[in-house]
Amino acid sequence: MFRSTLFLGLLLGATSANAITLGQVDTFEDGFTAGWTEGGPSPNQPEVFADGGPNGAGDAWLQNVATGEMRAGGAQIMFNFSQWAGDYNAAGVTMITASMANFGPTELAMRIAMEGGTGTQISSANAVILPADGQWYDVSFSLAEDQLAVVQGSDTPSEVLSSVFTLRILAAAAGPAWIADFIESDLGVDNIRATAAVVPVPAAAWLMLSGLGLLVGRSRLGRRS
């Protein structure tokens, strides 16, 4: 009973103390990994490089290497318990964007995954395919309900987003996943940003707004004449 209560207290403390905020971004320019890790057992933890990011010389970035072996450090995954925990719904965060580069020998199917306060795990329904060409790409992961799949648990994606405990960035080719692919790979990541998706205005609405603009313009001209 004591252990369960203590874990719940730690979980709630982590979620409230490190609340996600709209617009926050991990640039790694200070030389630190911003809390991104593969976990204690991994021998190849994420590492910051001072040059070679998407903006070229002087642009720091985070490297995450996986050996492909069926042991710690073999899967292409990293996770964060600190600034990426919290209530995404309250913060208005509906998308996570980043710059990514695949320096390894095989294309990667990149996804995000999250675990909520009750243990439900969700993952991107659709992967971002990252070619093995060593080039930087701007990628985005939508947090819309229909773009997330429940991997384990009974909560809905929206309920998980209201109390995120862990955020994972992982490669998973077969489908939405909490466990990453064990694949030899070398991933570069930069500018991980919490943002809001831009909702497109339907064409009909644009036509209506344009019409209103024309009417206002004609009205002003009429008053002047």
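## The overall picture

The model is predicted. The protein has four helices and 12 strands. It contains 225 residues, and buried residues make up 42% of them.

A pair of aromatic rings is described by two things: the distance of the centres and the angle of the planes.

Take Phe79 and Phe81. Their rings lie 5.5 Å apart, centre to centre. The angle between their planes is 75°. This pair is edge-to-face, because planes over 60 degrees apart count that way.

Is Phe79 buried or exposed? Its relative accessible area is 12%, so Phe79 is buried: the cut-off is under 20%. Phe81 has 37% relative accessibility and counts as partly exposed. The charged end of Arg168 sits over the ring of Phe79, 5.4 Å from the ring centre.

## A cluster of rings

Phe103 and Trp136 form another aromatic pair. Their ring centres are 6.1 Å apart. Their planes meet at 80°, so this pair is edge-to-face. The two residues are 33 residues apart, and the pair links distant parts of the chain. Phe103 is in the loop between strand 5 (95-102) and strand 6 (108-116). Trp136 belongs to strand 9, which covers residues 136-142.

Phe103 counts as partly exposed, at 33% relative accessibility. Which residues do ring pairs link into a cluster? They are Phe49, Trp61, Phe103 and Trp136.

## The largest pocket

Rolling a probe the size of a water molecule over the atoms shows where empty space is left. The largest pocket holds about 190 Å³ of space. It is lined by 15 residues. The closest to its centre are Glu38, Ala72, Gly73, Ala75 and Ile77.

What classes of residue make up the lining of the largest pocket? Eight are nonpolar, four are polar and three are charged.

## Ala149 and its contacts

Find Ala149 in strand 10, which covers residues 148-152. Now find Ser123. Ala149 and Ser123 are 26 residues apart in sequence. In space they are 5.4 Å apart, C-alpha to C-alpha.

Ser123 is one of the residues in contact with Ala149. Leaving aside neighbours within four places in sequence, Ala149 also touches Gln121, Ile122, Ala125 and Pro176.

## Two positive phi angles

Phe28 has a phi near 65°. That is a positive value in a residue other than glycine. Phe28 is found in the loop between strand 1 (25-26) and strand 2 (47-49). At 3% relative accessibility, Phe28 is under the 20% cut-off, so it counts as buried.

Ala34 has a positive phi too, near 60°. Ala34 is likewise a residue other than glycine. Where is Ala34 placed? It is in the loop between strand 1 and strand 2. Ala34 has a relative accessible area of 29%, so it is partly exposed: that value falls between the 20% and 50% cut-offs.

Definitions and conventions. Residues numbered from 1 in each chain as written. Predicted model: local features only at pLDDT ≥ 70, side-chain atom pairs only at ≥ 80, totals over all residues. Heavy atoms only, no water. 1 Å grid on protein atoms, 1.4 Å probe; cavity = no way out; pocket = protein on both sides within 12 Å on 5 of 7 lines; lining within 4 Å. Points joined across faces, edges and corners; volume = space filled by probe spheres on them. Nonpolar A, V, L, I, M, F, W, Y, C, P; charged D, E, K, R; others polar. Phe/Tyr/Trp six-rings, centres within 6.5 Å; stacked < 30°, edge-to-face > 60°. Buried < 20%, exposed > 50% of the residue type's maximum accessible area, 1.4 Å probe, protein only. Lys NZ or Arg CZ within 6 Å of the ring centre and 35° of its normal. Contact = heavy atoms within 4.5 Å.
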